[in-house]
Amino acid sequence: MDAATPTGLWLIGARGSVATTAITGLLALRAGVVPATGCVSAQPPFDELRLPVWDDLVVGGHDIVSTPLAERAAQLSESGVVPPRVLDAVRGRFETVEPDLREGYHPATNSGSQTDAARRMAEDITGFAERHGLARVVVLNVSSTEPVFPGLPEHGSLEALEAAMAVPGRTVLPPSSLAAYAALRAGCPYVDFTPSTGIRLPALEQLAARQSLPYAGSDGKTGETLVRSALAPLFASRALRVRSWAGTNLLGGGDGLTLADSEHAGSKLASKGRGLATLLGEDVVAPLHIDNVPDLGEQKMAWDNVSFEGFLGARMSLQFTWTGYDSALAAPLVLDLARFTAAAHAAGQTGPLGALGFYFKDPMGTEEHRLAEQAAELADWAAKL
C-alpha cells in the first residue's frame, strides 16, 4: 500500500464524543503537538508498515445533530478529555473537516423509504471520495448504542431485504445497519465500534461478499473488558476456578444517558458478557450493572470483584477499579482501525477481519478473546499485508 495514498475516514456519529476526540487527536498529530500515545499502529512493529500516514487521512461523516466540531471539542476540553493547549493548537483546523459532515439518518425524521435514505448516505460518501481524490474510504460507526433490534425474516437474504427497504415508511433496518448497507453500496469497508447490530445480518454479509469488501467489529474494547481480557487468562492458565465475576460501571455524559435506558443497555451488556465464558473456559456467574451518574461527565468508572477458588477449596478474591475517559481511550483505536482496515482493503482482503479482534469486546471472524493472543495475531496479520 502506498503510504502517500489519500484515505477517507467517514464517521457515523461524527459530532459525538468519540468522533470529536479522534478528529481533534488527528489534527493534533498532524500539527505535531502530541505524540501518538494509545495508537498501536504507530508503535513497533506496525510503524514500519506502509499504512496511511496522519496527513493522508481525510475525515467526513454523518450525524443527526448539528453542534459544530469546535464547540463540541471545547465541551470535551471543559470535561477534561482534550487538554486546553491541544484545543488552542487545533481550534482553527476544525473548519477543514466541517464542510464534509452531512445529516445522518433517523427513522423518526426520515420521510421516504430506507432505500432512499441509504442512497443519499452512499452518495454523500462517494461524493466525499471524489472531492478529495481518495483511493478508498473506511466507514466507521461511533454513534450511540442502539436498542436491540428484532430479527426479521428479511434479514436473511439481500434480495428480500432490499425489497422491504423500498417500502415507504417501513423500518426494516436499525440506523447502524442502514449505515453499513450504505457503506457497502458505496464500495467502502465498514467497521462497527459499537455493540449495535451494524453489519451483523446475513443479508449485509452477503452484500459485503458480493462487493468484495472487508469489515470489522464490534464494540470497541477500551476499559473494563480490556482489563478482563488480560486478567481472565491468568486464572485459566493457573487452573484457578473463578466462581463469580461481578462488575459495576458508572458513567455520565451522552453514553451514561443512553445506557440508562434498559433497551439501549441490552446490547452493551450482552457484548460485554459474551467473552468471559470463552476466556475462562466455563460458564461463570457474572452480574453486570451500568448506572448513569451525570456528575461524572465524560469520565467512566468500573469496579470488578472476582471470587475464585484455589487449592483445597481456599476462597480468595481480586478487586480492581478502573477510572478513565472513554473517549480518550477509544479515539486512538478509531485511528488505528481506519489505518489497518484501509490497508486490508488495499491488499484485497474481504470478509470479517478477525485479526482486528484485538480492538473489540465481541469480535467478528474469531473466537479468540485473550488479549495477549489477540495482540500476537494482529502482529502476524499485519506483517503479511
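Residues are numbered from 1 along each chain as its sequence is written, and side-chain values use heavy atoms, with hydrogens and water left out. Because the model is predicted, local features need pLDDT of at least 70 and side-chain atom pairs count only at pLDDT 80 or more, while totals for chains, interfaces and linings use all residues.

Helix 6 spans residues 175-185. Helices here are DSSP runs of H or I with at least four residues, strands are runs of E with at least two, and both are numbered from the N terminus. Buried means under 20% relative accessible area, exposed means over 50%, and partly exposed lies in between (1.4 Å probe, protein chains only). The buried set runs through Ser176, Ser177, Leu178, Ala179, Ala180, Tyr181, Ala182, Ala183 and Leu184. After helix 6 comes glycine 187, with a positive phi near 80°.

Two helix pairs involve helix 6. Two packed helices are described by the angle between their axes and the distance between the axes. Axes are lines fitted to C-alpha atoms, for helices over the stretch in contact, and angles run from 0 to 180 degrees between N-to-C directions. Helix 7 covers residues 202-210. Helix 6 and helix 7 pack at about 15°, and their axes are 10 Å apart. The two are therefore roughly parallel. Angles under 35 degrees count as roughly parallel, over 145 as roughly antiparallel, 65 to 115 as roughly perpendicular, and the rest as oblique. The crossing of helix 6 and helix 7 is left-handed. A crossing has this hand if the near helix is turned anticlockwise from the far one by less than a right angle; clockwise makes it right-handed. From helix 6, Ser177, Ala180, Tyr181, Leu184 and Arg185 take part, meeting Leu204, Leu207 and Ala208 of helix 7. Contact means heavy atoms within 4.5 Å. The residues of this contact comprise 6 nonpolar, 1 polar and 1 charged. Here Ala, Val, Leu, Ile, Met, Phe, Trp, Tyr, Cys and Pro count as nonpolar, Asp, Glu, Lys and Arg as charged, and the others, Gly among them, as polar.

Helix 5 (residues 158-165) packs on helix 6 at an angle of about 110°, with axes 13 Å apart. Helix 5 is therefore roughly perpendicular to helix 6. Their crossing is left-handed. Leu158, Glu162 and Met165 of helix 5 make the contact with Leu178, Tyr181 and Arg185 of helix 6. By type, the residues of this contact are 4 nonpolar, no polar and 2 charged.

Serine 196 sits in the loop between strand 5 (190-192) and helix 7. Serine 196 is buried, at 2% relative accessible area. A polar atom of its side chain lies 3.0 Å from the backbone nitrogen of glutamate 146. Residues up to four places away in sequence aside, serine 196 touches Ser144, Thr145, Glu146 and Ser176.

Two glycines lie in other loops. Glycine 16 falls between strand 1 (7-12) and helix 1 (17-31). Glycine 16 is partly exposed, with a relative accessible area of 22%. Beyond its neighbours within four places in sequence, glycine 16 contacts Asp63 and Arg72. Glutamate 298 is 282 residues from glycine 16 in sequence and 12 Å away in space, C-alpha to C-alpha. Glycine 281 belongs to the loop between helix 10 (262-280) and strand 8 (288-292). Glycine 281 is exposed, at 65% relative accessibility. The C-alpha atoms of glycine 281 and alanine 31 are 47 Å apart, and the two residues are 250 apart along the chain.

The backbone also holds cis peptide bonds. One runs from proline 44 to proline 45, with omega near 0°. Proline 45 lies in the loop between helix 1 and strand 2 (57-63). Another joins glycine 217 and serine 218, with omega about -5°. Serine 218 lies between strand 6 (214-217) and helix 8 (224-237).

Serine 212 has a phi of about 55°. Serine 212 lies in the loop between helix 7 and strand 6 and is partly exposed at 44%. Alanine 239 has a positive phi near 55°. Its loop links helix 8 and strand 7 (241-251), and alanine 239 is exposed at 70%.

Technical notes. Polar contact = N/O pair within 3.5 Å; in protein donor to acceptor, adjacent residues only side chain to side chain.
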